[in-house]
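Visitor: Could you take me through one part of this model up close, and then follow what connects to it? I'd like a single connected account.

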Amino acid sequence: MPDIKTALAKALNEWTADDTAHNTAPTPANTAAKPYFTVTNNVCRVTFDYVRDNRNKTRVEVAKELAARGYKTGSVSSLLGQMIKQGLISEVSGFLQANSDTYTPIKSSRALKAMQAKAQAKPDRKHVTIVNTRTGEVINPKPSAGIAALHTKAAPKVEAAPQINSAWDAETLLNHLSIKQARALYDELRKIFGG
């Protein structure tokens, strides 16, 4: 009978051999990235490259030239407007020119608005309080937030005391009661006086 060490070593060797026979998954080094779709037409990049390579052309000339290459005139015209708006190209006296040598994808209008809002937002400034060490006087106190800085404490709710009117008559009281209130009053009076 073999000792336990050799028996375990033999079992492990059999398992690893069995695993490698069943594992047919390719290794990451051998696998090329499979594209989900083939790029057939990148009108954005072509439009930018054309403006970059052919400076001082008008929008109409660029649209006609790219339409001759098979791109839609409306798409090219729209992209030129978006590229001008986002600063990829500029229009000077009606002539187009690229602002950079490399194409960067056009951002969505939501992302563009967020970037513009962030650029226009006022940065928070730290307030430095200067105190005169000799007198202890604060030279530039922090401005208060005004009324918004006041902490308001909600007043406790006080129930209104029942109004006692010494000059009343039964007719006025009955005229101002609803049917339900009159029935409740009737029931209470029957409890008091019996009946």
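Guide: Let's start with Asn 56, which sits in the loop between α2 (43–53) and α3 (59–68); helices here are DSSP runs of H or I with at least four residues, strands are runs of E with at least two, and both are numbered from the N terminus. Keep in mind that this is a predicted model: local features need pLDDT of at least 70, side-chain atom pairs count only at pLDDT 80 or more, and totals for chains, interfaces and linings use all residues. Residues are numbered from 1 along each chain as its sequence is written, and side-chain values use heavy atoms, with hydrogens and water left out.

Back to Asn 56: its phi is near 60 degrees, a positive value in a residue other than glycine. Asn 56 counts as partly exposed because its relative accessibility is 47% (buried is under 20% relative accessible area, exposed over 50%, partly exposed in between, with a 1.4 Å probe and protein chains only).

Now step back into α2. Searching the whole structure turns up 1 aromatic pair, and here it is: Phe 48 with Tyr 103, tilted, at 5.8 Å centre to centre and 50 degrees between the planes. (Rings of Phe, Tyr and Trp, the last by its six-membered ring, pair if their centres lie within 6.5 Å; planes under 30 degrees apart are stacked, over 60 edge-to-face, and the rest tilted.) Phe 48 lies in α2 and Tyr 103 in the loop between β2 and α5 (109–120), so the pair ties together parts 55 residues apart in sequence. Both Phe 48 and Tyr 103 are buried.

Helix α2 also turns up in the cover over α4: what covers the buried residues of α4 includes α2, α3, β1 and β2, contact being heavy atoms within 4.5 Å. Those buried residues of α4 are Val 76, Leu 79, Leu 80 and Met 83. Looking down the axis of α4, they fall within an arc of 105 degrees, so they line one face of the helix; the arc is taken from the directions from the axis to the C-beta atoms. Gly 74 and Lys 85, on the other side of α4, are exposed. Just after α4 comes Gly 87, with a positive phi of about 85 degrees.

One last stop: Ser 93, in the loop between β1 (89–92) and β2 (95–98). Ser 93 isn't a glycine, yet its phi is positive, about 55 degrees. With 69% relative accessibility, Ser 93 counts as exposed.
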